[in-house]
Amino acid sequence: MFRMLDQEEIQFNWEEYEGAISEAINASVGSKAMFDSDKKVLGHIYKKLTNPFNSSMQLWVVEEDGLNYVVLTQIQYCEFTGRKTLLWFSATKVGDVDTNDMVKAYQEGENGLKEYAKMNDCEGICGYTDLDYFAKKVKEDWDGAITRYFFYLPMKEAA
C-alpha cells in the first residue's frame, strides 16, 4: 500500500527510513554526484520532514511485508509565477519485490502523487531521474508530458 507518512511516524521510525533514503541517495551515479555527505543531506531531509511549521517535504512508502519503496516529494512554490508544483525527488526500491508487485506499486504511487498534487493546488508534477523507466513512461503513458532535461555538471573531480 502506497501512503504518506506523518511526522510522528517519521520520527519514531527514522532509523529505518534514514537507511532507505541513504540507499536512494547512493542508488545511481547521478544521485551520488549531487551529494557530498549522506549524513549532512539526511540531517536536512529529517529536519524538513519533521518541521511542524513547514510541511513542504513528504515521505511516502510502499509497505507489503516490510518496507519496499520510499518516495520523497516536495511542494515547490515559484515566487515569479505563483505556481505550485510537486517535485518528485526520489523513488527507490529498497526491498525485494516481484515484477507484479513492482508494477502495482508504481501505479499506486503515480495515482497517489497525482491526487496529492491536485489536492494541494499543484499545477504539475516534475522530477528528474537516472532511470530509463521514467523516460519510457513519458513517451508511452504520460500523454501531454513535457520533457525537459536536468543535468548536473560538477566543477570538481568526482572522488
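Okay, hi everyone. Some ground rules: residues are numbered from 1 along each chain as its sequence is written, and side-chain values use heavy atoms, with hydrogens and water left out. Since this is a predicted model, local features need pLDDT of at least 70 and side-chain atom pairs count only at pLDDT 80 or more, while totals for chains, interfaces and linings use all residues.

So, the overall picture. Going along the sequence, the pattern reads β-α-α-α-α-β-β-β-α-β-α. The chain has 159 residues, and 33% of them count as buried. Buried means under 20% relative accessible area, exposed is over 50%, and partly exposed is in between, using a 1.4 Å probe and protein chains only.

Now, what's inside? The largest nonpolar core has 17 residues. By that I mean buried Ala, Val, Leu, Ile, Met, Phe, Trp, Tyr and Cys residues joined through side-chain atoms within 4.5 Å. Trp14, Tyr17, Ile21, Ile45, Leu49, Leu59 and Leu72 touch the most other members. Helix H2 (14-25), helix H4 (38-50), strand E2 (57-63) and strand E3 (67-77) each give at least two residues to this core, and H2 has the largest share, with 5 residues. There's another core apart from that one, with 16 residues, including Trp60 and Trp88.

Have a look at Leu72. Leaving out residues up to four places away in sequence, Leu72 touches Ile21, Ile45, Leu49 and Phe89, among others. Contact here is heavy atoms within 4.5 Å.

Next, H4. Which residues of H4 are buried? They're Val41, Leu42, Ile45, Leu49 and Thr50. These cover an arc of only 150° around the axis, so they sit on the same side of H4; the arc is taken from the directions from the helix axis to the C-beta atoms. In general, an α-helix has 3.6 residues a turn, so residues three or four places apart point the same way. On the other side of H4, Lys39, Lys40 and Lys47 are exposed. The buried residues of H4 pack against helix H1 (7-12), H2, E2 and E3.

Searching the whole structure gives 0 disulfides, where a disulfide is a pair of cysteine sulfur atoms within 2.5 Å. For Cys122, the nearest cysteine sulfur belongs to Cys126, 9.1 Å away. Cys122 counts as buried because its relative accessibility is 12%.

Conventions: Helices (H or I, at least four residues) and strands (E, at least two) are DSSP runs, numbered from the N terminus.
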